[in-house]
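I opened a new notebook page for this one. My entries follow the order in which I looked things up.

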Amino acid sequence: TAEELITHSKAVRADVTHAVYKSASSIRKQLKTLEEALNKRRSVSKGIPPAFEWAQSPDSVFLNVKFAHKLDTPATLGCKATNVTIAPQSFTFVAECKSKRK
């Protein structure tokens, strides 16, 4: 078992700390990837509205969208627009971020 391996390594004064932590980290990363794949199949992630500002004239609309919750905060990195739809009376913008937390 794992406990016996650690006990034996201590008895022979072999340091397996780095190898154990590296393996544990790799396993956690793989589990996280599996969980994210399962969660993507179960439900669509909740959207977070971005910060934006606009200006308009009689024939044009200028839109500035920032991947942040406020214009004066740092933007979220790693986000890309995946769908932009412009209609006569509406504008729809969808983006996805690499990080699950964003």
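How many helices and strands does the secondary structure of the protein chain come to? I counted two helices and four strands. Helices (H or I, at least four residues) and strands (E, at least two) are DSSP runs here, numbered from the N terminus. Along the sequence I read the pattern α-α-β-β-β-β.

**Ground rules.** I am working with a predicted model, where local features need pLDDT of at least 70, side-chain atom pairs count only at pLDDT 80 or more, and totals for chains, interfaces and linings use all residues. I number residues from 1 along each chain as its sequence is written, and my side-chain values use heavy atoms, with hydrogens and water left out.

**Overall form.** I then took the C-alpha trace along its principal axes and noted a span of about 80 × 30 × 15 Å.

**Burial and surface.** I call a residue buried under 20% relative accessible area, exposed over 50%, and partly exposed in between (1.4 Å probe, protein chains only). Buried residues make up 5% of the 102 residues in the protein chain. Its accessible surface comes to about 9600 Å², and 57% of that belongs to carbon and sulfur atoms. These areas come from the Shrake-Rupley method with a 1.4 Å probe; for residues, only the protein chains shown count as cover.

**Contacts and charge.** Contact means heavy atoms within 4.5 Å. I took the contacts between residues at least 6 apart in sequence and found that 12% join residues at least 24 apart. Next I counted 17 positive and 9 negative side chains, with the centres of the two sets 3 Å apart. Lys and Arg count as positive, Asp and Glu as negative; His and the chain ends are not counted. I placed each charge at NZ of Lys, CZ of Arg, CG of Asp or CD of Glu.

**Helix 1.** Is helix 1 largely in the open or largely buried? Of its 10 residues, the number buried is one, so helix 1 lies largely in the open. Ser9 is in helix 1, and counts as buried at 5% relative accessibility. Not counting residues up to four places away in sequence, Ser9 touches Ala14 and Val16. Glu4 also has its place in helix 1, but is exposed at 55%. I checked Glu4 against Glu53, 49 residues along the chain, and their C-alpha atoms are separated by 62 Å.

**After helix 1.** Arg13 follows helix 1. I found Arg13 in the loop between helix 1 (2-11) and helix 2 (17-42). Its phi is near 60°, a positive value in a residue other than glycine. Arg13 is exposed, at 77% relative accessibility.

**Helix 2.** I picked Leu34, which lies in helix 2. Leu34 counts as exposed at 54%. Leu34 and Asp72 are 38 residues apart in sequence and 36 Å apart in space, C-alpha to C-alpha.

**The loop between strands 2 and 3.** Which residues does Thr73 contact, leaving aside neighbours within four places in sequence? I noted Lys66 and Ala68. Thr73 sits in the loop between strand 2 (61-66) and strand 3 (79-87). At 16% relative accessibility, Thr73 counts as buried. His69 is in the loop between strand 2 and strand 3 too, but is exposed at 61%. From His69 to Ile48 I noted 21 residues in sequence and 7.9 Å in space, C-alpha to C-alpha.

**Aromatic rings.** Rings of Phe, Tyr and Trp (its six-membered ring) pair if their centres lie within 6.5 Å; planes under 30 degrees apart count as stacked, over 60 as edge-to-face and the rest as tilted. By this rule I counted three aromatic pairs. Phe52 and Trp54 form a stacked one, 6.1 Å centre to centre with 20° between the planes. Phe52 is partly exposed at 47%, while Trp54 is exposed at 54%. My last entry is one aromatic cluster formed by Phe67, Phe91 and Phe93.
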